[in-house]
Amino acid sequence: MPKIKIVPSILSAKMDKLQEEIDEIEDYSDLLQVDVMDNVFVPNITPQAELLKKFNTKVPLDIHLMVKEPSEEYLMGFIDANPNLKINNITVHQEACEYLGKTLDFIKSKNVKAAVAINPKTPLDAITDVLDKVEMVLIMTVEPGFSGQGFMEEVLPKIEKLRELKPELDIQVDGGINLKTAHLAVSAGANVLVASSYIFKSEDKVKAIKDLLESVK
Ligand code: DX5
């Protein structure tokens, strides 16, 4: 299995202290996730690409688009938003993209890694024909839209199946990851752990990250 990676999601960070909160954790983060919601694909809304102008970090970004039909122009908005930031990957949802393969190819053509996400109820079969195009698959472990929800254990068999199919792929989990759940996801085969409220609502964020890593050893 590939190396374990920790990916704080800034969704639960204090927006008025965003830079400070990012500075605190950046030495302990493999990627930093920016969650983007449109109030169409999910019942919640966040700032869009302009958010990337509001902070700087040396940590490469993981842009998770919970957005219906992200157009090429929309994707470019993120890619061009802040030349000081490095975008590692853009993740789009299978359920949100009619021409999924084309969207993933477009992201890759801009030298950004392409990733695909599936919601808890979406079967793995829905993405088998794009597995060779992506560098990471995000298996949602909550219904997307809000941080602070409970981890859905019923998703674990899907992670196991994907790990069997793709021994070297980065398999990301997102939603309800904490000291009680991370080891379940990792035992099933996930290696990229997104956590938002667990990290950003901790008194000591660095300790929270170290404890999380320890919990999956
Ligand atoms: C869920 C988002 C997650 C969310 C996770 O809609 O995609 O990234 O921030 O939050 P926690 O870790 O609090 O479940």
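A: Helices (H or I, at least four residues) and strands (E, at least two) are runs assigned by DSSP and numbered from the N terminus. By that rule, the chain has seven helices and eight strands. The model is a predicted one, in which local features need pLDDT of at least 70 and side-chain atom pairs count only at pLDDT 80 or more, while totals for chains, interfaces and linings use all residues. Residues are numbered from 1 along each chain as its sequence is written, and side-chain values use heavy atoms, with hydrogens and water left out.

The setting comes before the part itself. The radius of gyration, taken over C-alpha atoms, is judged against a globule rule of 2.2 Å times the number of residues to the power 0.38. For 217 residues a compact globule would have a value near 17 Å, and the 16 Å of the chain agrees with this. Along the principal axes, the C-alpha atoms fill a box of roughly 45 × 35 × 30 Å. A residue is called buried under 20% relative accessible area, exposed over 50%, and partly exposed in between (1.4 Å probe, protein chains only). Buried residues make up 56% of the 217 in the chain. Contact means heavy atoms within 4.5 Å. Of the contacts with a separation of 6 or more, 69% are between residues 24 or more positions apart.

Two strands are said to pair if DSSP finds at least two bridges between them. Strand β5 (residues 113-118) pairs with β6 in the parallel sense over four bridges, and Val116 has Val137 of β6 as its bridge partner. Strand β7 (residues 170-174) also pairs with β6 in the parallel sense, over five bridges. There, Ile171 of β7 is the bridge partner of Val137. Val137 therefore has a bridge partner in Val116 and another in Ile171.

Strand β5 leads on to a helix. Helix α3 spans residues 100-109, and its buried residues are Leu100, Gly101, Thr103, Leu104, Phe106 and Ile107. Their cover includes β5, together with α2 (72-79) and β4 (87-93). One of these residues, Thr103, counts as buried because its relative accessibility is 11%. Leaving aside neighbours within four places in sequence, Thr103 is in contact with Pro70, Leu75, Val92 and Cys97. After α3 comes Asn111, whose phi is positive, near 60 degrees.

In strand β2 (residues 32-37), six of the six residues are buried. Leu32, Val34 and Val36 lie on one side of β2, with Gln33, Asp35 and Met37 on the other. Strand β2 runs parallel to strand β3 (residues 61-66), joined by six bridges; Leu32 has Leu61 of β3 as its bridge partner. In the loop between β2 and β3 lies Asn44. The C-alpha atoms of Asn44 and Pro144 are 9.2 Å apart in space, although 100 residues separate the two in sequence. Beyond its neighbours within four places in sequence, Asn44 is in contact with Met37, Asp38, Asn39, Gly145 and Phe146.
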